[in-house]
Amino acid sequence: MTWIDFLQRRVSATWQCALIGGIISLPLTIGLYWLSGMGNELSLNMVFVGGLIAGFLAKTRVIDANGAAAGLRAGIVGAAPGLWFLVDVFEAFTVVSGPLWFRSAALVLVIGTIAVVLFGLGALVGFLGAKVGGWLAEKDFFQQHSFLSN
């Protein structure tokens, strides 16, 4: 059984569209972060593009009424490069003073908060991209109009 057969049998169609959009956005997000100088900010513009692709695919395959579920999931997948910031947070907590229990609890709370905000924003951006992708799928940009039909 090949990898594609496994995906088609085990993964729902919504997740297939979400994984396509999310995986497409991963290298684009990493590339944009790298081109920005690898500072303290991560742009989720490419997560929007991944959500747009997922929403478009979901709408054209008539899986989802508007592609929102696929875009939400694509946003979560596409926001994964933001986990790179957790390494910096963990590194910063090595110099915090205080008892061990306090440092451990603070580290867990801060990492948890950052992860929830990161994936929440990624899901929101992917959702918005999917709405636009679903709207684009409804438009008939590529349909040929005949002048002789009147």
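Which residues are buried in α2? In this predicted model, the buried residues of α2 are T14, Q16, C17, A18, G21, G22, S25, T29 and Y33. The helix runs over 13-35 and has 23 residues. From its first C-alpha to its last, α2 reaches 34 Å, close to the 33 Å expected at 1.5 Å a residue. After α2 comes G37, which has a positive phi, near 100°.

Two of the buried α2 residues, C17 and A18, belong to the largest nonpolar core, which has six residues. Two or more core residues are given by each of α2, α3 (45-60) and α4 (68-78). Another core, of five residues, lies apart from it and includes Y33, L42, F85 and L118. Y33 is likewise among the buried residues of α2. In soluble globular proteins, nonpolar side chains tend to be buried together.

The second largest pocket has a volume of about 160 Å³. Its lining consists of I30, Y33, W34, M38, L42, P81, W84 and F85. Two or more of these residues come from each of α2 and α5 (84-92), and α2 provides the largest share, three residues. The lining comprises eight nonpolar residues, with no polar and no charged ones.

Technical notes:
Residues numbered from 1 in each chain as written. Predicted model: local features only at pLDDT ≥ 70, side-chain atom pairs only at ≥ 80, totals over all residues. Heavy atoms only, no water. 1 Å grid on protein atoms, 1.4 Å probe; cavity = no way out; pocket = protein on both sides within 12 Å on 5 of 7 lines; lining within 4 Å. Points joined across faces, edges and corners; volume = space filled by probe spheres on them. Helix = DSSP H or I, 4+ residues; strand = E, 2+ residues; numbered from the N terminus. Nonpolar A, V, L, I, M, F, W, Y, C, P; charged D, E, K, R; others polar. Expected span 1.5 Å × (residues − 1). Buried < 20%, exposed > 50% of the residue type's maximum accessible area, 1.4 Å probe, protein only. Core = buried A, V, L, I, M, F, W, Y, C linked by side-chain atoms within 4.5 Å.
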